[in-house]
Amino acid sequence: MSDGVRAMWMRGGTSKGLYMLRGDLPAERAARDAFLLRALGSPDARQIDGLGGGDPLTSKIALVSRSDRPGIDIDYLFLQAVVDRPVIADTQNCGNILAGVAPFAIERGLVAATDGQTRVAIHMENSGQVAVATVDTPGGKVRYGGAAAISGVPGTAAPIPLLFRDTAGSTCGALLPTGRGADRIDGLACTLIDNGMPCVVLAAGDLGVSGYEEPATLEENGALKARLEAIRLQAGPMMNLGDVRGQTVPKMMLVAPPASGGSVSVRSFIPHRVHAAVGVLGAVSVAAACLVEDSPAKTVAVVGEGHHRIIGVEHPTGLTECVVVVGDDGKPVEAGMLRTARKLMDGVIFA
């Protein structure tokens with residue numbers, strides 16, 4: 001592909017990545033992945049020979065195509081380039097990169113914009129679930145500027161509300177794959193949960209940390225990371241994920257009582273690096289855990305009552321507000337949040 005491939009470089013939520021039309025890349029997976037690794041510069045800690053910024057949060061890809069599914073506008077496949085290994089992973093969603101999918105699809109002509117706002121129904125191929133994004137399109141054109149602010153991103157931009165359908169058990173088959181609010185692994189209470197992102201939720205205090213540390217401090221704690229990885233490897237089969245040694249799920253979530261007016265504080269291992277903020281769907285899963293009986297999250301969280309719960313998930317760079325709709329049985333049935341996105345570059349990428 002020496003002539004290059006058209007691509008858009010976008011910030012979606014608190015991440016950055018390549019947005020591309022799926023049909024512009026090779027259909028054969030090995031050839032596709034080889035191109036994307038070269039484009040982002042993996043494997044290399046600095047990703048010096050590609051666009052990746054030496055960080056998982058800036059090494060992401062959205063492959064987008066028009067959908068032929070009833071009631072769906074766009075199919076979206078999320079891919080994660082591993083920074084220091086020649087791996088393109090497709091085992092998880094990314095709700096941050098999702099924020100840019102609808103604007104990208106409108107700009108590429110896959111969805112016809114309406115004057116004012118345009119709703120785009122997106123099928124997330126990684127998990128089979130559906131999200132509906134609402135994009136500001138005055139005069140039928142995407143507007144990126146606006147007054148919405150999200151934690152982890154300086155300044156403001158146009159709001160992009162995301163509503164997730166049927167998030168519970170999207171990867172693991174059930175909100176609580178083991179059927180229990182808490183399991184004990186290596187003597188610690190863990191909630192194994194999937195409300196859009198498979199996560200293992202633990203109380204930070206049970207691991208000898210406060211849950212308020214800066215990511216760099218936790219990155220340096222080799223004993224903590226080894227213990228979390230041992231728990232993660234045991235949790236994988238329990239969550240119907242099988243052997244997860246080569247996978248980027250489940251994420252490991254350390255929770256603590258809120259410290260800044262939210263509902264719960266979290267430090268997210270994704271799984272071997274500490275997230276500078278928190279992933280969208282990881283936050284949604286933690287928010288759901290705050291409503292689960294016996295969960296370490298419910299023990300430390302401060303949440304309200306009613307069918308619509310606003311759960312503020314505190315993280316190292318601020319607060320992510322999740323809206324969880326609870327059914328009469330007390331279980332989450334819908335979840336959503338506010339994100340923003342911005343087009344950074346539109347051109348041709350070579351690899």
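The structure is a predicted model, in which local features need pLDDT of at least 70 and side-chain atom pairs count only at pLDDT 80 or more, while totals for chains, interfaces and linings use all residues. Residues are numbered from 1 along each chain as its sequence is written, and side-chain values use heavy atoms, with hydrogens and water left out.

A search of the whole structure finds 16 salt bridges (a salt bridge being a side-chain nitrogen of Lys or Arg within 4 Å of a carboxyl oxygen of Asp or Glu). One of them pairs Arg29 with Asp90, at 3.2 Å from N to O. This pair ties together distant parts of the chain: Arg29 lies in helix α1 (residues 29-40), and Asp90 sits in the loop between β5 (88-89) and α2 (95-98), 61 residues apart. Here helices (H or I, at least four residues) and strands (E, at least two) are DSSP runs, numbered from the N terminus.

How open are these side chains? Residues are called buried under 20% relative accessible area, exposed over 50%, and partly exposed in between (1.4 Å probe, protein chains only). Arg29 is partly exposed at 41%, and Asp90 is partly exposed at 27%.

Arg32 and Asp33 also form a salt bridge, with 2.9 Å from N to O. Arg32 is buried, with a relative accessible area of 8%, and Asp33 is buried too, at 12%.

In another salt bridge, the closest N and O atoms of Arg143 and Asp136 are 3.1 Å apart. Arg143 is partly exposed at 43%, whereas Asp136 is buried at 8%. Finally, salt bridges with shared partners join Arg29, Arg32, Asp33 and Asp90 into one network.
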